Amino acid sequence: MSIFDTSLLRLAGVGRDGPVAEAVTARSKIIEMTQAAEDAVLRPKDFGAFGHDLRSALAARVARLAGDEALAAHHGAAAGQYAALADPASDGAEQELSVILAFVDKAANQTRDIAGADISGLQAAGFADADIVRLCELVAFLAYQLRVISGLRLMNGAAA
Amino acid sequence: MSRVIHKFTRNVPHWQPRVTPVNLAEATQDQLDALQVTPSNTKVSDYVLTLAHDVESLSVRSPLFNAIMYDRGGMSRAERELSALAASMVNRCIYCAAVHADRHAKLEKDTSVTDELFAKGEKADLGPRDRAIFDFARKAAEAPPTAGPEDMQALRDAGLSDAEILDLILSAALFGWANRLMHVLGDPVRQEVQA
């Protein structure tokens, strides 16, 4: 796969002939590893308590809360039965996932306010430590992905 | 006993996980591979053992982290540390801020920039290039990110090349990731000697 076909550069609108092409080509290893990270976090073989469709729905929700509709659509396309959770207005009660959605929203957007009680709350709700780490990796990767995309769009615009 | 710390410092604290890390004696082969445990290297931090619960993510994250922070060319190592520090201050990851402020000070052989940032936060008195880098990284780390065209222009005005700007975007974003592991999954603590 060419780096210009990765989710990152497609969603950022960075093309082969564009103003940012030279800079991203010099960092092609990082662009390729970012795609590998998306695959590992969104579509892992050992998915634990969070199937690929639920992961995609949560990713779409994080993207939408950050105002990135293109990234939300990218992840939302694989959300299947959980598609409704990508809407920030959904509290997840119907799917019995309200604890998860509240944690995802806080870890994504009020990161500094996360405290021990947020993790013990997940443990009390029955989530295994391995699943808590998996959920954090998902939210954390999305924070990275959406910020690289937003930075590249700015760079692309400014260089044009 | 240990005490959780809440103030920014360059004196790197101990990191205490909020979940139980993987027990190295019970680790699977995939986990051992990701941890790069060898007979001569059996010391693994609690942080990495915690992340080993999600071995597929850990395996791709470690080389990506190293590439963004240490690969040659582009923005200087110290400036990548400044970018990491800006994000860590936004997210109040005390542990990450300590590690990267300490690295910045050591690379620059100068503590004045990080002293100033810890004393005055975003109102710190910085040189024009550090100012542009810090402001961009800080705004990129906000949720949602608030960096705009004027911040990009400030980077160009401060003399950053495209290669440097890309490294700044990558390092600031990387700490959006790192902070959400370190600050969320554990506490920065000082071990206190029993009286």
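Mentor: In this predicted model, Ser88(B) has a relative accessible area of 0% and is therefore classed as buried, the cut-off being under 20%. Ser88(B) belongs to helix H4 of chain B, which covers residues 77-90. A polar atom of the Ser88(B) side chain lies 2.8 Å from the backbone oxygen of Ala84(B). When neighbours within four places in sequence are set aside, the residues in contact with Ser88(B) are Phe8(B), Cys93(B), Cys96(B), Ala97(B), Phe175(B) and Asn179(B).

The domain assignment divides chain B into domain 1, made of 2-69 + 186-191, and domain 2, made of 74-179. Taken over C-alpha atoms, the centres of domain 1 and domain 2 of chain B are 24 Å apart. Contact between the two involves 19 residues of domain 1 of chain B and 27 residues of domain 2 of chain B. Together these domains bury about 2000 Å², with 73% of that area on carbon and sulfur atoms. Within the area that domain 1 of chain B buries against domain 2 of chain B, 46% is supplied by Phe8(B), Arg10(B) and Met69(B), more than by any other three residues.

The rule finds one salt bridge across the interface of domain 1 and domain 2 of chain B. Across that interface there are also five residue pairs in polar contact, with both residues of each pair at pLDDT 80 or more. On the side of domain 1 of chain B that touches domain 2 of chain B, at least two residues each come from strand E2 (14-17) and helix H3 (55-70) of chain B. H3(B) gives the largest share of that side, six residues. By class, the side of domain 1 of chain B that touches domain 2 of chain B comprises twelve nonpolar, four polar and three charged residues.

The remaining interface is the one between the chains. There, 49 residues of chain A are in contact with 52 residues of chain B. The area buried between chain A and chain B is about 4200 Å², and carbon and sulfur atoms give 68% of it. Of the area that chain A buries against chain B, Arg27(A), Arg112(A) and Arg147(A) supply 17%, more than any other three residues. Between chain A and chain B the count is three salt bridges. Arg27(A) forms a salt bridge with Asp167(B), in which the closest N and O atoms are 2.8 Å apart. The rule also finds 17 residue pairs in polar contact across the interface of chain A and chain B, both residues being at pLDDT 80 or more. Helices H2 (21-26), H3 (28-42), H6 (98-109), H7 (116-124) and H8 (129-159) of chain A are the elements that give two or more residues to the side of chain A that touches chain B. H8(A) provides the largest share of that side, 22 residues. The side of chain A that touches chain B divides into 33 nonpolar, seven polar and nine charged residues.

Notes: Residues are numbered from 1 along each chain as its sequence is written. Chains are lettered from A and ligands numbered from 1 in the order in which they are written. This is a predicted model: local features need pLDDT of at least 70, side-chain atom pairs count only at pLDDT 80 or more; totals for chains, interfaces and linings use all residues. Side-chain values use heavy atoms; hydrogens and water are left out. Domain bounds come from an automatic or database domain assignment. Contact means heavy atoms within 4.5 Å. Buried area is the accessible area (1.4 Å probe) that two parts lose on being put together, summed over both. A salt bridge is a side-chain nitrogen of Lys or Arg within 4 Å of a carboxyl oxygen of Asp or Glu. A polar contact is a pair of N or O atoms within 3.5 Å; within protein, one must be able to donate a hydrogen and the other to accept it, and residues adjacent in sequence count only if both atoms are side-chain atoms. Helices (H or I, at least four residues) and strands (E, at least two) are DSSP runs, numbered from the N terminus. Ala, Val, Leu, Ile, Met, Phe, Trp, Tyr, Cys and Pro count as nonpolar, Asp, Glu, Lys and Arg as charged, and the others, Gly among them, as polar. Buried means under 20% relative accessible area, exposed over 50%, partly exposed in between (1.4 Å probe, protein chains only).
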